[in-house]
Amino acid sequence: MLIQKTKLWFKFFLNVKINFKYPKKTKILIVDNEGSKEIKKILNIRNCEILHTRHESFSLPILLILLIKFELTILNYYKKYIELSDPKLIVTFIDNNTMFYKLKNHFKEKKFLAIQNGHRMAFGDIFGFFRDYKPKKKNFSSDFIATFNKSISLKYEKYINTNFIYSGSIK
């Protein structure tokens, strides 16, 4: 068991980029690099930070802070990153990432915007997750979700406290 964990951590540190700096203060934080170019173009963003959520990059100072406090979880990492970068707007193109909707409950004063990037299904996607695990709606929120249409918004409305923008596909 110890050998497997050691191999897992070793493989993790070989494949991940470690930043030795704190996140920069920014007005806009993009959660997940996927779709960040489209978000920057559509919202005309020049200066922003990206919170990587696919384990491609981590801030060593944040990891150390959380490790010392025995609070090293991915949710706590995201919360600390947001706290240190102190954005006013947090936006994502990954509308089916449930972690994004959990973060809003920790940052009531910040604006959260999710933009739908693809078709959503009941199996193997966010609506399947909500159907199977039946989490409480109060645990998931965002200020806005830009959806393809009203019917998708009605599905999101069952699970997430939010306002909707019917934008169609921004692609």
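Predicted model: local features only at pLDDT ≥ 70, side-chain atom pairs only at ≥ 80, totals over all residues.
Biologist: Where is Ile160 found?

Modeller: Ile160 is in the loop between α7 (150-157) and β8 (161-166). Helices (H or I, at least four residues) and strands (E, at least two) are DSSP runs, numbered from the N terminus.

Biologist: Why does Ile160 count as buried?

Modeller: Buried means under 20% relative accessible area, with a 1.4 Å probe and protein chains only. Ile160 has 1% relative accessibility, so Ile160 is buried.

Biologist: What makes α3 oblique to α4?

Modeller: Helix α3 (residues 60-68) and helix α4 (residues 74-85) pack at about 125 degrees, axes 10 Å apart. Angles under 35 degrees count as roughly parallel, over 145 as roughly antiparallel, 65 to 115 as roughly perpendicular and the rest as oblique. Therefore α3 is oblique to α4.

Biologist: Which residues make the contact?

Modeller: From α3 come Ile62, Leu63, Ile65 and Leu66; from α4 come Asn76, Tyr77, Lys80, Tyr81 and Leu84.

Biologist: Which residues of α4 are buried?

Modeller: In α4, the buried residues are Asn76, Tyr77, Tyr78, Lys80, Tyr81, Ile82 and Ser85. Their cover includes β2 (28-31), β3 (49-51), β4 (57-59), α3, β5 (89-92) and α5 (98-103).

Notes
Residues numbered from 1 in each chain as written. Heavy atoms only, no water. Axes fitted to C-alpha atoms, helices over the stretch in contact; angles between N-to-C directions. Contact = heavy atoms within 4.5 Å. Buried < 20%, exposed > 50% of the residue type's maximum accessible area, 1.4 Å probe, protein only.
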